[in-house]
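Please look through the sequence and the model shown here.

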Amino acid sequence: MSESGILLITYGGFEKDFLEKISSEISLEFHYPVSHEGSHIDLSEYYDPTRRQYDGNKLLNEIVSISPVPYIKKVGLFRVDLFIPILTYIFGQAALNGSNGIASLYRLRNEQYGMKKDDDVLLARFGKVIIHELGHMFGLVHCHVPTCVMRSSTYVEDIDQKSSHLSTSCRTKAGID
């Protein structure tokens, strides 16, 4: 375990190969070792029956309460539909300059939009969401460069249109390279 690494905490089943690919992509982008481990919580206490979704703020607080000391950043990975009170849904969430974030692949699946299942597209989208949330944790705000992973994404099509990489200015601001 590295004292300066990033930890991905999985809630729900995630294939090892899927996680390895995402971990590799994150490590290349931020130059930190990335580890992943499984965990379990009772998601029912985070469920809002009126919205039929899971409260992103409460789940983020759950990640904050976990303290694996060796890691500088932690991201909880979920398979459920997330929301915060001011938005209909979210793909992920993190505090600016914080050390904790969450991401969900629920709304990233092609099947959600009546299209054919595509694991490669799902992997690319989820990687971008996680890298985006880590960018916030490293102090980055939304970027206006169209291909930058830090560009805001309201819809899944927005995620598809950007790359999985930080723009040159974002890399500089985050102190990467």
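How many residues of the lining of the second largest pocket are nonpolar, how many polar and how many charged? By class, there are five nonpolar, one polar and ten charged residues. Here Ala, Val, Leu, Ile, Met, Phe, Trp, Tyr, Cys and Pro count as nonpolar, Asp, Glu, Lys and Arg as charged, and the others, Gly among them, as polar.

The model is a predicted one, in which local features need pLDDT of at least 70 and side-chain atom pairs count only at pLDDT 80 or more, while totals for chains, interfaces and linings use all residues. Residues are numbered from 1 along each chain as its sequence is written, and side-chain values use heavy atoms, with hydrogens and water left out.

The second largest pocket has a volume of about 320 Å³. A pocket is an open set of points on a 1 Å grid over the protein atoms alone, where a 1.4 Å probe fits, with protein on both sides within 12 Å along at least five of seven lines; its lining residues have an atom within 4 Å of a point. The volume is the space filled by probe spheres set on the points, and grid points are joined across faces, edges and corners. This pocket is lined by 16 residues, and those nearest its centre are E15, F18, K117, D119 and L122. Helices α1 (16-30) and α3 each supply at least two residues of the lining, and α3 gives the most, with four. Helices (H or I, at least four residues) and strands (E, at least two) are DSSP runs, numbered from the N terminus.

The largest pocket holds about 430 Å³ of space. Its lining has 20 residues, of which L87, I90, F91, G92 and S153 are the closest to the centre. Two or more lining residues come from each of β7 (87-90), β8 (92-94) and α3 (119-137). The lining divides into nine nonpolar, nine polar and two charged residues.

Next comes helix α2. In α2 (residues 56-65), the buried residues are G56, L59, L60 and I63; buried means under 20% relative accessible area, exposed over 50% and partly exposed in between, with a 1.4 Å probe and protein chains only. These residues are on the same side of α2 because they cover an arc of only 100° around the axis, taken from the directions from the helix axis to the C-beta atoms. The exposed residues N61 and S65 are on the face turned away from the buried side. At the N-terminal end, D55 caps α2, with a side-chain oxygen 2.9 Å from the backbone nitrogen of N57.

A search of the whole structure finds zero disulfides, a disulfide being a pair of cysteine sulfur atoms within 2.5 Å. C148 is in no disulfide, and the nearest cysteine sulfur, that of C170, is 3.8 Å away. C148 counts as buried at 1% relative accessibility, and C170 counts as buried at 2%.

Some single residues remain. S23 lies in helix α1 and, at 5% relative accessibility, counts as buried. S23 and L7 are 16 residues apart in sequence, and their C-alpha atoms are 9.1 Å apart in space. H31, in the loop between α1 and β2 (34-39), is not a glycine but has a positive phi of about 65°. N97 is also a residue other than glycine with a positive phi, near 65°. N97 is found in the loop between β8 and β9 (100-104) and is exposed, with a relative accessible area of 55%.

Terms used. Polar contact = N/O pair within 3.5 Å; in protein donor to acceptor, adjacent residues only side chain to side chain.
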